[in-house]
Each structure stands twice: as structure tokens, then as C-alpha cells.
Amino acid sequence: MHEHPLVGGIEAGGTKIVCAAGTGPGDLSRAVFPSGSDPAAALFAVTDWFREEETRRGPLHAIGIGSFGPVDLDPASPTYGFITSTPKTGWRNTDILGTVRRAFPALPVAFDTDVNAAALGEQRWGAAAGLDDFVYITIGTGIGAGVMAGGRLVHGLVHPEMGHMRIPRIPDDAFEGVCPFHGDCWEGLCSGPAMKKRTGTPAEEISPDSSAWRFEARYVALALGNIICALSPRRIILGGSVPNGGLLGIERFFKMVRAEVRDVLDGYIVSPALEEGIDGYIVPPLLGADAGVCGALALALDMLHFSDEVTKAP
Ligand code: ZN
């Protein structure tokens with residue numbers, strides 16, 4: 001096996017599919033395709049691009065896929081590798097893993113959630129370097145979380161769906177939320193579409209003085225408090241478009257969230273990380289918007305490492 005094998009990464013999102021070929025974040029060629037409402041056409045464009053990359057750069061050794069969900073991650077299931085109950089038009093019951101495998105039958109193909117992939121990418125090359133217990137959260141079109149516990153990505157029964165946690169309502173908030181399943185779950189209250197519905201303005205254009213930012217920071221803190229109580233992560237990485245803070249700015253948004261988290265926990269959990277260390281405890285992703293696609297590359301590299309070990313086993 002090459003020391004730095006060329007692999008492919010696919011970050012399949014509800015709006016766009018980001019593809020990259022390379023050996024790591026410093027060496028990437030990339031392409032972006034709209035997800036649209038026709039998965040077959042979108043995935044054809046994706047596999048076609050990887051074929052062109054092979055012509056340009058040489059053969060790929062593995063492909064990793066980090067996908068929006070819900071997805072089926074159970075290798076024993078007949079629908080393993082499918083996007084399952086998504087409300088996204090056209091994408092329900094899409095065999096995303098099988099489509100890529102059929103296009104590249106000789107290659108190992110890894111599959112996980114987009115947020116688990118991003119968590120892996122941040123651990124390998126970003127804000128979670130050296131950590132075995134942390135959470136990666138994205139707040140954008142939806143809210144999702146990837147969890148690493150004891151050095152392993154958590155899948156469990158299906159996979160964590162923290163965006164759909166119920167969180168207590170702020171007493172003076174009458175907003176009904178936007179989740180088609182639950183209304184005012186965390187995603188229903190705090191996603192980008194929720195901020196837009198609450199104010200009539202896209203999140204990035206909301207005035208820094210709007211109460212929407214106060215609600216957003218408080219609800220995010222209530223959810224993070226639950227996550228801290230449930231998982232005791234050593235760090236929380238908060239990615240996606242909303243934590244960039246729009247006109248408020250990323251620094252002010254993170255400062256508000258950190259202060260609210262301390263208020264929510266109210267001194268109960270004792271750790272320097274939650275006191276003087278909180279600026280390094282709740283942080284933006286170091287890979288920024290590339291966390292997902294770099295994570296997909298990391299999934300591919302791990303798959304390769306794993307199949308290499310299997311090949312070498314006596
Ligand atoms: Zn929900």
C-alpha cells in the first residue's frame with residue numbers, strides 16, 4: 001500500500017454533494033454538485049467526476065461517504081447504506097452506498113453519517129486532534145451531531161439524532177418551530193430555516209440586536225447542557241452556517257453560547273474545561289466548511305487501513 005494513498009470522499013448534503021480526491025486536507029481536488037430531486041442523476045455526476053479524477057491523478061484506493069440522513073448503518077440490514085426516511089423530495093430510500101459500489105466494484109467504500117464523518121475529520125486534522133471523547137455538531141439546514149466515545153464513532157441502534165432532542169421552552173417564546181415531525185425540537189427551534197421562519201429573514205441577515213440571537217444562544221446552550229450531562233465530552237465542536245453568527249459575528253455568538261452553557265449547568269459539573277477553559281471547550285471546527293468532506297476522506301483512509309490489516313492477517 002502507498003504511504004499516502006489517493007482516496008475519494010463524498011459529503012452528501014441535502015442541498016449539495018461535495019466530492020474530493022486527495023491524500024488529506026492539504027492535497028485536495030474537489031467538485032460540488034447540486035443534490036436536486038433526482039438522486040440517480042446527482043450520483044451519476046459524482047461517480048463520473050471520480051472517474052475523471054482517476055484519469056487525471058491515478059487510481060483511487062478507497063472511497064468514503066458521509067451522508068445526510070437518516071441513513072441505515074447496520075451492515076446486516078438489506079437497506080444498509082440507504083438514506084431512509086428523509087423528507088427531502090426524491091431521496092427517500094436511496095441506495096447511495098450501493099450506487100457508488102456498483103460504479104467502483106473493486107474499491108472498498110466506507111459509509112457513515114455526514115456528522116460522524118465530520119467528527120472523524122476534526123479528530124484527524126482539526127479541532128479534536130488527540131481527543132477520544134468529543135461531539136461535533138452542525139447547525140445549518142438541520143441540526144446533527146457526530147459522537148466519538150472512547151475513540152470510536154457512535155452508531156448504536158440507528159445513529160444519534162441529537163437535533164431532534166426536546167429542549168425546554170423559554171417562557172416568553174411563542175415560536176412553534178419548523179420540524180415536520182416534532183415542531184419545536186432543537187432543530188425545529190434553532191436550525192437555519194427555524195431562524196428564517198422566526199424572523200422572516202435569513203439567519204445571516206438577522207440584526208445583531210434581534211431577540212432571535214438571544215433565543216438561539218439560549219436554546220443551543222440548553223441542548224449542549226443536555227449533551228454535556230449525557231456524554232461528558234471533552235470538547236464540543238459547533239459547525240454549520242448558523243454558528244458563524246451572521247451580522248452578529250462568530251466571536252459574539254460563541255461568547256453568548258459559552259456564557260449560556262455555564263448558566264444552564266449552574267456550577268453543577270465541576271471541571272476547569274467548563275470554567276476558565278470554556279473558550280477552548282466549545283469551539284468552531286478547525287477545518288471549517290471542509291470538515292465533512294475531509295471526514296469522508298478519513299473514513300476512506302480508515303477503511304483502507306482496515307482492509308490492509310485484514311489482507312495481512314495470517
Ligand atoms: Zn424534530
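This is a predicted model: local features need pLDDT of at least 70, side-chain atom pairs count only at pLDDT 80 or more; totals for chains, interfaces and linings use all residues.
Residues are numbered from 1 along each chain as its sequence is written, and side-chain values use heavy atoms, with hydrogens and water left out.

**View 1. Asp95 and Arg102 form a salt bridge.** The closest N and O atoms of this pair are 3.6 Å apart. A salt bridge here is a side-chain nitrogen of Lys or Arg within 4 Å of a carboxyl oxygen of Asp or Glu, and the structure holds 14 of them. Buried means under 20% relative accessible area, exposed over 50%, and partly exposed in between (1.4 Å probe, protein chains only).

View 2. The salt bridge between Glu53 and Arg56 brings their closest N and O atoms to 2.3 Å. Helices (H or I, at least four residues) and strands (E, at least two) are DSSP runs, numbered from the N terminus. Glu53 is buried at 3% relative accessibility, while Arg56 is exposed at 53%.

**View 3. Arg169 meets Asp184 in a salt bridge.** Here the closest N and O atoms are 2.6 Å apart. Arg169 and Asp184 both sit in the loop between β10 (152-153) and α4 (186-190), 15 residues apart, and the pair links distant parts of the chain. Salt bridges that share partners join Arg169, Asp173, Asp184 and Arg198 into one network. Arg169 is partly exposed, with a relative accessible area of 30%, and Asp184 is partly exposed at 23%.

**View 4. The second largest pocket has a volume of about 640 Å³.** Its lining comprises 19 residues, with Asp112, Arg152, His155, Leu299 and Asp302 nearest the centre. Strand β7 (109-113), β10 and α8 (291-312) each give two or more residues to this lining. Twelve lining residues are nonpolar, three polar and four charged. For these classes, Ala, Val, Leu, Ile, Met, Phe, Trp, Tyr, Cys and Pro count as nonpolar, Asp, Glu, Lys and Arg as charged, and the others, Gly among them, as polar. On a 1 Å grid over the protein atoms alone, a pocket is an open set of points where a 1.4 Å probe fits, with protein on both sides within 12 Å along at least five of seven lines; lining residues have an atom within 4 Å of a point. Grid points are joined across faces, edges and corners, and the volume is the space filled by probe spheres set on them.
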